[in-house]
Each structure stands twice: as C-alpha cells, then as structure tokens.
Amino acid sequence: MSLDSSLAIEGKSPAQLAWIRFKKDKVAIVALVFSTIIVTLALFAPWVCALLKIDPYSLDNTTLDSVGIPNSPFGGMSRAHPLGVEPGTGRDILARLIYGARTSLTVALIATFFTTLLGVILGIWAGYKRGIVDGIIGRTIDLLLAFPSLLLIISLAPVMQPRLVSMGFPEGNPARMTYIILILTLFGWTYIARVMRGQALSLREREFVAAAQASGAKTSYMIFKEILPNLWAPIIVYASLTVPGYIAIEATFSFLGLGVVAPTASWGGMLADSIRYFRSDPAYLFIPGTALFLLVLAFNLVGDGLRDALDPKGERAQKV
Amino acid sequence: MARFVVRRLAFMIFLLAIVSIATFLLFSVLPVDPASLSCGQHCTPEKIAANRIRLGYDQPLINQYFTFMKGIFAGRSYGEGAQAFSCPAPSFGYSYYRGQCVTEMITNALPATISLTIGSAIIWLTMGIGLGVISAMNKGKIQDRVSTGLAIFGLSMPTFFIGLLLIYVFIIWLQIFPFPSYTHFLDNPFKWAQALVLPWFTVAIVSAALYTRLTRDGMLETMSEDYVRLAIAKGLPRRKVLVRYVLRGAITPIVTIAGLDIAVLLGGAIITESVFGLPGMGRLALNSVTDSDLPVIVGITLITAFFVVVANALVDILYASLDPRVRLES
C-alpha cells in the first residue's frame, strides 16, 4: 500500500459513519431485513394473498372436524393453508396474520410519529425556554405519569370512540384505531420529551445558540433550525424503540377487545380467541404469538442496532 | 434538607389535588348514570331521581367534588332515615351496582395485588440486577451476550402472551400446577404461593429485562467516572471496586424506577390479573369498566395515582438525602 493512499482521508457524513457501524452488526441487519419483509407483506397484503391463493375472510369448513377443530395436525397446516386455519371458522391464519400486521403496523407507526413529534417539540421548547414553559410542561408530565394510563384508556374507550365518529371519523375500526393512536400519543410523549429537554438544556449554553439569539432569531427558529438539527440521532433511536412497544400495546388492546373487531384480523384478537382452544388446538396460540413476538423482537433489535451505531459513546467505558 | 422535604411534600399534595380534579372532570364525560344502575328491575323515573339525590349526583360537579373529597377524610353517609347508610373514612364513594362501599371493594382486592407486586418485585429485582451486573462485569464476553440476549427476549414478549404461554406450558401441558385459584396467605400459604408463582413470573420477566439493561448501562457508565479510575489506580481489589464504587453509583437511578414501578403495580396489573383470574385491583378495575361501575373506576384511578405520587415524592426525598447535588439543584 502506497504512502499517499493510506494518508488520504475520505470525508464521511455522520449518517455514513453510522451506516458503516450498523452494517457490522449482523443481528441488526437480519432484524432489519425481517422487519422490512413484514412491512412489505403488510403493505401489499391483497396482492400477496392473491399470489398465495389465500384469503383472510373466506370460511373453509373442509379443514375442520365436527367440533370445529382443524382436522389435520399442527393446526391444519397444508399446502392450501401454510400456517393452518382458525379453529371454529376455518379462516386462513397466514392471510389473517398478514392483514393483522397491517392494522398493527399502521397504528404503531402513526402513533410513533405523533408521539415523537409532540415529545420533541414540547421537550426542546421546555429545555430551551426554561422558566414558566418548562414548569408547565414538567408538571403536565408529572400529572400524566401519575395516572394509571391503561385503566383510563380502557374506561374511556366506550365514550371517546362514538365522539370520534361524531367528529367525522368513519365508524367502526377506523374510529377504534384513531382512538388508540390518539391515546398512545397523549400518554406516550412524556418519555422522549424528557430526553429532549435534557439535551436542549445543555445545547442552549453553546456558542452557536448565543450567536443565533444575538442575531435576533425567534423561538420557533431556534427550536427547529438551531437545536433540532443537533438531535436527530437520539430522535431516531427513541422513535425506533417506540415502534415495537406500540406494536405490543396494540396487540394488548385487541386482546382485551378494544382494538379492531372481527371480521377484520388482529393479532391480539386471535390470541384472545386461542384461550378457548388451548387444549384442542395449541397451534392457534403458538403461531400468532410467535409472529407477534418475532415482529416486536425484530423492531427492538433494529432500534438497538441504531442506538449503538448512532451513539458510539458506549465503547469508551474503561475496563474494570 | 428539611426545606427540601417540606417543599417536596407540598408539591406532592398539590399534585394529588390536581390529579383528583382531573379524574373527576375526565369521568364526568362518561355517559353513565350511577343512579339508574342502582335501580334494579322495577325501576321508575321517580326512583332514579330519588336515587340521584340520595347519591348526590343531582348536585353541581363542583359540589360533588368537595363532598367526595370530604368523604375521604371524614367518611360519608347516604340517604336519610331508615334507608340511611354510611361508608366510613376513607370513603371513595359507594357502588350501587354491587351495593358496597368502594373502599371496602378495594380493600378486598388489595391483598391479591400486594402479593403479586411483592413477589414479582423480588424476582425481577434479583434477576434483573443480577444479570445486569454479570453482563457489565463481562462486557463483550459470552456472559454479556447471553444476558443482553435474554433481556431483549424478555422485552419483546408482550405480557399477555407470556401469561398465556406459562398457563399452557405449566398448567395444561406439564400439569405442574392446578388452574390458579387465589387463596388468602393466612388461610393457606402453600396454596397462596401455588396460585401466584406463574403470575409472579409473568410480571417479572418483562420488568427484569428492563432492569438488566438499566443496571448494565448504569454500571458501564459509572466505570468511566474519575473516582472509579482512582479506586483502581490506588489498587483496591476488583470486587471491592465493583460493589462499593460501581454498583453503588449505578444503583440509585434503579431504586428510583423500582419505586415507581412498584407503585404502579400496586394499582393493579390489569393484564396479568385478568389472564390468571386473580381477584386483585386490576381485575376489579376491568370488571368495573365492563359493568360501567363509575364510582369504582374513579376510586381505583385515585388510589393508583395516590400510590404513584407518594412513591415519587418518597423516592425524591430518599435520593436527595443520598445525593446532596439534588437538593442544591432544585
């Protein structure tokens, strides 16, 4: 290797550096590929199902015995039904999983977007302005943390969903999904807001902030153009770690009967149904459950990989 | 220190007042009429109206609020003459649906929830902190990989799925346990534990995962502090450095979060309790939602908020007494 080539330093953007670090993390790459596949399947659900000749709604009695239990082993797996059929109805599980992923990912991704948006803006605002704004936002967070959020979500659902309908949201599942998204945002923004506040508190003491202030920048300019661009790394990390949590919560809601309702497919709904078939058809518990676990795991691993790639600080700890 | 404690307690009381007002306002939007729920089969509009007056729901919201708050401290009586009855202090109202004082229903549900909370907290703190310490001490080695792997595994299992899996594996498949029927600890400690083992682990697995991460990250961060470097430099034994310096420095934020998690759990583990059919606060809450039993929902919300706010204040005070920087900052 010649002397100049080893000395030539190639300029790399922080994003490129992060991507190079991310690529080294094999687990994260596998997880990224897996989650991308699931997202793609969910996005193109009608075409995928047509291609596989499966349908989430059509009932198939031929696969069930007289008491409604799949008549072949492993929950009725066959060439026609790759992951078996639902006991009782004979609907195809793979198709229902693909359509269920649609609901689950829609709720999780939209809710993550609004949670992050609200948390980032309020957090930076509080940390940058301090004083009374900080006080109000801080006390609101204290208040929200004091409430048993799951209980409130459950008990307000029967009231708030009709209200959303009267506000113009389509009745049924869209209103139910909107409610979940709204309430997750309402209770979810506090965590990222506290992280952002801490970051903004230290950034506001830096020279470039003082310079912008001296040239007469308004608060909105300071928040969005001066402070926010420095915080993309933690924002991406926290947003990516919010998604798996929300996927799990959405499944929990539909497990409790608060999410989308049949015939629309939902992962939590299938698991709630599976309780009745514990003894006769355990595959109905394991297949949707494993799917849910793998999807949450994949998103968690991607988030972890991003955290390691974007925040190399962790490497510096000394050995004891 | 005394000034900090007084200020923190004053803020706690302020927050409790705000929480109670917010709860009252929030639930006043529910289109539930406790007066008609209590009426039974042979109901007439007159009866409902009479009930409403007896329960105080005819009053303006602000009066209802003050009567309710007074009831918490002084107890509350309903109705007049022969039909009068009362709920002694602390009274959180009366459930006509069940014909019971809310406080009594909550007191009946608390033992199961407290048993669940204490047992699972012991398991998750031991497992979580233990794995975290092992992981941090062996950073990058196989022990670290296994611990962090287990943690992410636990974090990715939704609570209700863990519960269902444990029921399937241990009750239906291996038949190690009978289907849980909760027994009071004093009646039969063995049956009590038998009914609670699976719920304990259900709650503990998710939380332990979180604590493993917190402990590991906290310890690794403390290891890069100057005072740890000094301790190593002056030749203290490795074990002593880890326990006295690193773990001690890393444990404070964990105690803070543990205090809050335990307080939240005392308000009832809705998912775990309903999956296992434990007669605790969480199941009471879920049943009350199904029955539209408004007074009970309000009562449980307030009690849970009370646990969280008080735990928060206690943890802050504890923290301040351990770390003088906290006092000076605020």
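This is a predicted model: local features need pLDDT of at least 70, side-chain atom pairs count only at pLDDT 80 or more; totals for chains, interfaces and linings use all residues.
The side chain of Asp304(A) forms a salt bridge with that of Arg213(B), at 2.3 Å from N to O. This contact crosses between chains, running from helix α14 (residues 283-310) of chain A, which holds Asp304(A), to helix α8 (residues 189-223) of chain B, which holds Arg213(B).

In general terms, side chains of opposite charge can pair when their charged atoms come close. Over all chains, the count of salt bridges comes to twelve. Two further examples, one within chain A and one within chain B, are described next.

In chain A, Arg96(A) and Glu86(A) meet through their side chains in a salt bridge of 2.9 Å, N to O. The two residues lie ten residues apart and link distant parts of the chain: Arg96(A) belongs to helix α6 (residues 93-129), while Glu86(A) sits in the loop between α5 (73-76) and α6. Arg96(A) counts as buried because its relative accessibility is 3%. Glu86(A) is likewise buried, with a relative accessible area of 3%.

In chain B, the side chains of Asp316(B) and Arg8(B) are joined by a salt bridge of 2.7 Å, N to O. Here the partners are 308 residues apart, with Asp316(B) in helix α13 (residues 294-322) and Arg8(B) in helix α1 (residues 2-28) of chain B.

Returning to chain A, salt bridges that share partners join Glu86(A), Arg91(A) and Arg96(A) into one network.

Cys87(B) lies in strand β2 (residues 85-87) and Cys101(B) in strand β4 (residues 100-101) of chain B, so placed that the pair links distant parts of the chain, 14 residues apart. Why is the disulfide described as left-handed? The torsion about the S-S bond of Cys87(B) and Cys101(B) is about -90°, so the disulfide takes that label. Both ends are buried: Cys87(B) has a relative accessible area of 1%, and Cys101(B) one of 11%. In chain A, the cysteine Cys49(A) is also buried, at 3% relative accessible area.

The backbone of chain A supplies the last topic. Most residues other than glycine have a negative phi. Which value does phi take at Lys53(A)? Phi of Lys53(A) is near 55°, a positive value in a residue that is not glycine. Lys53(A) is found in the loop between α4 (45-52) and α5 of chain A, and with a relative accessible area of 75% this lysine is exposed.

Arg130(A) also has a positive phi, about 50°, although this residue is not a glycine. The place of Arg130(A) is the loop between α6 and α7 (131-146) of chain A. Its relative accessible area of 40% makes Arg130(A) partly exposed.

Conventions:
Residues are numbered from 1 along each chain as its sequence is written. Chains are lettered from A and ligands numbered from 1 in the order in which they are written. Side-chain values use heavy atoms; hydrogens and water are left out. A salt bridge is a side-chain nitrogen of Lys or Arg within 4 Å of a carboxyl oxygen of Asp or Glu. Helices (H or I, at least four residues) and strands (E, at least two) are DSSP runs, numbered from the N terminus. Buried means under 20% relative accessible area, exposed over 50%, partly exposed in between (1.4 Å probe, protein chains only). A disulfide is a pair of cysteine sulfur atoms within 2.5 Å.
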